[in-house]
Amino acid sequence: MDAKPRTADIARSTSETEIRVSLDLDGTGQSSIGTGIGFLDHMLTALARHSLLDMDVQAKGDLHIDFHHTTEDVGIVLGQAVKRALGDKRGIRRYGHAVVPMDETLAEAAIDISGRPFLAWSVTFPRDKIGEMDTELFEEFFRAFAMNAGITLHIVQRAGSNAHHIAEGVFKAVARALRAAVEPDPRAAGVIPSTKGVLEG
């Protein structure tokens, strides 16, 4: 594995949000999360723990309006941090896949760190909110994350009727797939995993 640290520290400030993300791809799953949205904090903590990425995510947003801007912008900055930390993507496994059960829920995620951003989302929530968070915002988060990380991300709900379990299963499946995809491949050390010799973006 290349001894060069695979880390990133990115700040983004707009009229709607102020966000800072620090990330280490080769961490142990430690996190410090503060977005002002309790359930999002819970999900990002799970994302860090199960991906083994160390992350510090701090956000201040216009929560008096709604949670949309903060959720989407956290996805943007987290995606940018992953992309920067990956560098030229030399020596990574590139692909990751996970199927995660959580009680009655089964969630599947597949990732290609391709440089071609895309989100395929096939998840249905039985209610509009979990706590105070709109469930439609999870798709917005993952779209922002995928587009800014430069990854192809497929998320499929195979089963599930409890909204909390569905959301948590999805985040954990993405975490496990991301862990596999960013992991250095000892059989391909120093090689960009593409027949083109470059991964776009």
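Author: Let us start with D185, in the segment after α4 (163-182). Keep in mind that this is a predicted model.

Reader: Why is D185 called buried?

Author: Buried means under 20% relative accessible area. D185 has 19%, so D185 is buried.

Reader: What does D185 touch, not counting residues up to four places away in sequence?

Author: On that count, D185 touches G91, I92 and R93.

Reader: What makes the approach of the D185 side chain to the backbone nitrogen of R187 a polar contact?

Author: The cut-off is a pair of N or O atoms within 3.5 Å. The backbone nitrogen of R187 lies 3.0 Å from a polar atom of the D185 side chain, so the distance meets that cut-off.

Reader: Where is S114, and is S114 buried or exposed?

Author: S114 sits in the loop between β6 (105-112) and β7 (118-122). The relative accessible area of S114 is 1%, and the limit is under 20%, so S114 is buried.

Reader: Which polar contacts does the side chain of S114 make?

Author: One is with the backbone nitrogen of R116, at 3.0 Å. Another joins the side chains of S114 and T152, at 3.3 Å. Both distances fall within 3.5 Å.

Reader: Which helix holds F171, and why is F171 called buried?

Author: F171 is found in helix α4. Its relative accessible area is 0%, against a limit of under 20%, so F171 is buried.

Reader: What surrounds F171?

Author: F171 touches M43, L44, L47, F138, F141 and F142, leaving aside residues up to four places away in sequence. F171 and A109 are 62 residues apart in sequence, yet 8.9 Å apart in space, C-alpha to C-alpha.

Reader: How do you know that the length of α3 fits a helix?

Author: Helix α3 (residues 137-149) has 13 residues. At 1.5 Å a residue, α3 should span 18 Å. Its end C-alpha atoms are 18 Å apart, so the two values agree.

Reader: Which residues of α3 are buried, and what comes just after the helix?

Author: The buried residues are L137, F138, F141, F142, A144, F145, A146 and A149. Just after α3, G150 takes a positive phi of about 75°.

Reader: What makes β1 and β3 edge strands?

Author: Four strands form an open sheet in the order β1-β2-β4-β3, with mixed pairing. Strands β1 (7-13) and β3 (31-34) each pair on one side only. The twist averages 5° from one strand to the next.

Reader: How do you know that β2 pairs with β4?

Author: Pairing needs at least two bridges. Eight bridges join β2 (residues 17-24) to β4 (residues 54-61), so the two strands pair, and they run antiparallel. In β4, D56 is the bridge partner of S22.

Reader: What links β1 to β2?

Author: Seven bridges join these antiparallel strands. R12 stands opposite I19 in β2.

Terms used: Residues numbered from 1 in each chain as written. Predicted model: local features only at pLDDT ≥ 70, side-chain atom pairs only at ≥ 80, totals over all residues. Heavy atoms only, no water. Axes fitted to C-alpha atoms, helices over the stretch in contact; angles between N-to-C directions. Expected span 1.5 Å × (residues − 1). Buried < 20%, exposed > 50% of the residue type's maximum accessible area, 1.4 Å probe, protein only. Polar contact = N/O pair within 3.5 Å; in protein donor to acceptor, adjacent residues only side chain to side chain. Contact = heavy atoms within 4.5 Å.
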